Each structure stands twice: as C-alpha cells, then as structure tokens.
Amino acid sequence: WTASPLYILYFVKTLKADESWLGLNGTVVSVTTIFAFMIWRKWMAHIGEPLTLKITIPIYAIYPMLVGLSPNLTLVLVAGIFYAFFAAGVSLSHLNVLLRVIPDEKRPQYIAYYTALMNAGAFVAPLIGVRLADTIGLAPTLIGCGLLAGLGGLSFTLWPVRVPDPRPLPAPEEG
C-alpha cells in the first residue's frame with residue numbers, strides 16, 4: 001500500500017503519461033487480471049494454495065521496482081501485465097491460506113484482527129509512501145517498496161505455510 005499512490009504520480013510526473021495511456025494501462029491490467037484469475041484457479045487445483053502463495057508473492061513484489069526503474073511507458077505497460085497476472089495468484093491464495101491456518105473456533109476473532117490491521121495499513125501506508133517520495137524521490141521510493149515487499153514475500157519461502165488439506169481423504173475400505 002505504501003507504493004499505491006506513487007504509481008500514478010510516477011506515470012504522470014516522471015514518464016509524462018496522458019489520459020489515454022492511463023486508460024490503456026487500466027484496461028490492460030484489468031483484462032489481464034480477469035484472465036489470470038481463470039488460469040490461477042486451474043493451476044491452484046494442481047499445485048495447491050501454499051505453493052501458489054510461495055510462487056506469486058515474491059514475484060508480485062517486483063512490480064514497484066520495475067516501475068521505479070522504467071524509463072518509458074511501454075515497459076510500464078508490460079510490467080503491469082506481469083503484475084496483474086501474479087496479483088491474481090496472490091489474491092486467490094492468500095486469504096484462503098489464512099482461513100485454513102487459523103483455528104475454526106477463533107476464526108471471527110482472527111478475521112477481525114486481520115481486517116483491522118489491513119485497514120490500518122491501507123490508511124497509513126500510502127501517507128508514508130507520499131512522505132518518503134517527497135523526501136527521497138518517486139523512483140527510489142518505488143524501488144524501496146518493491147525491495148521490502150520482496151523480503152516480506154520471501155518469508156513464505158523461508159518459513160513455508162503448512163495448511164491442512166481442504167479436501168477430506170476418502171475413508172479406507174474395510175475388508
């Protein structure tokens with residue numbers, strides 16, 4: 001969320017994007033996301049949610065770095081396709097894994113904590129991002145956000161999430 005308000009600022013102020021490019025970018029990202037959801041749903045059925053999360057989150061973190069390093073809008077458009085594809089995998093796997101690792105009897109309490117923390121982050125992080133960008137610049141802030149997100153995403157590789165199988169095993173046959 002720290003980088004979220006910086007993208008549009010970077011596109012317009014640094015790369016001189018006009019309204020038609022912003023519309024094209026939004027359309028391409030949205031269409032990619034729609035198709036990526038269909039693809040990731042099929043892949044997740046084969047590889048599972050934890051592995052999907054492990055693959056997608058570190059890659060997903062590359063987008064702010066690609067934008068911050070990009071010298072032109074065409075590369076940003078390509079990076080947006082890349083981002084949207086992996087963002088769909090993150091979206092489909094992250095909450096499902098969370099719901100499967102928390103105890104059933106404490107689910108409402110955990111979801112309340114999760115929601116409060118996410119809303120607080122969504123409110124405060126963009127303010128921090130804009131302040132950092134004012135201090136050190138848009139591109140360095142985007143690159144830093146990507147590095148931090150990548151380190152956070154790497155935690156899923158260093159400390160893999162172990163989740164129970166959502167499908168019950170068949171009962172053994174007697175005999």
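**Close-up views of a predicted model**

**View 1. The lining of the largest pocket.** The residues lining the largest pocket split into 20 nonpolar and six polar, with no charged ones. This is a predicted model. The pocket's volume is about 990 Å³. Several helices give two or more residues to its lining: α1 (4–14), α3 (49–60), α4 (62–69), α5 (73–101), α6 (107–136) and α7 (138–158). In total, 26 residues line the pocket. Nearest its centre lie W1, T2, Y60, V90 and A149.

**View 2. The largest nonpolar core.** This core holds 19 residues. F11 and V67 have the most contacts inside it. At least two core residues come from each of α1, α2 (19–47), α4, α5 and α7. A separate core has seven residues, including W40, M44, F86 and L92.

**View 3. The surroundings of V67.** Which residues touch V67, once its neighbours within four places in sequence are left aside? They are Y7, Y10, F11, V76 and L142.

**View 4. The buried face of α1.** Four residues of α1 are buried: L6, Y7, Y10 and F11. Down the axis of α1, these buried residues fall within an arc of 135°, so they line one face of the helix. An α-helix has 3.6 residues a turn, so residues three or four places apart point the same way. The cover over the buried residues of α1 includes α2, α4, α5, α6 and α7.

**View 5. After α1.** K16 follows α1. The phi of K16 is positive, near 60°.

Definitions and conventions:
Residues are numbered from 1 along each chain as its sequence is written. This is a predicted model: local features need pLDDT of at least 70, side-chain atom pairs count only at pLDDT 80 or more; totals for chains, interfaces and linings use all residues. Side-chain values use heavy atoms; hydrogens and water are left out. On a 1 Å grid over the protein atoms alone, a cavity is a set of points where a 1.4 Å probe fits but cannot get out, and a pocket is an open set with protein on both sides within 12 Å along at least five of seven lines; lining residues have an atom within 4 Å of a point. Grid points are joined across faces, edges and corners, and a volume is the space filled by probe spheres set on the points. Ala, Val, Leu, Ile, Met, Phe, Trp, Tyr, Cys and Pro count as nonpolar, Asp, Glu, Lys and Arg as charged, and the others, Gly among them, as polar. A nonpolar core is a set of buried Ala, Val, Leu, Ile, Met, Phe, Trp, Tyr and Cys residues joined through side-chain atoms within 4.5 Å. Buried means under 20% relative accessible area, exposed over 50%, partly exposed in between (1.4 Å probe, protein chains only). Contact means heavy atoms within 4.5 Å. The arc is that of the directions from the helix axis to the C-beta atoms.
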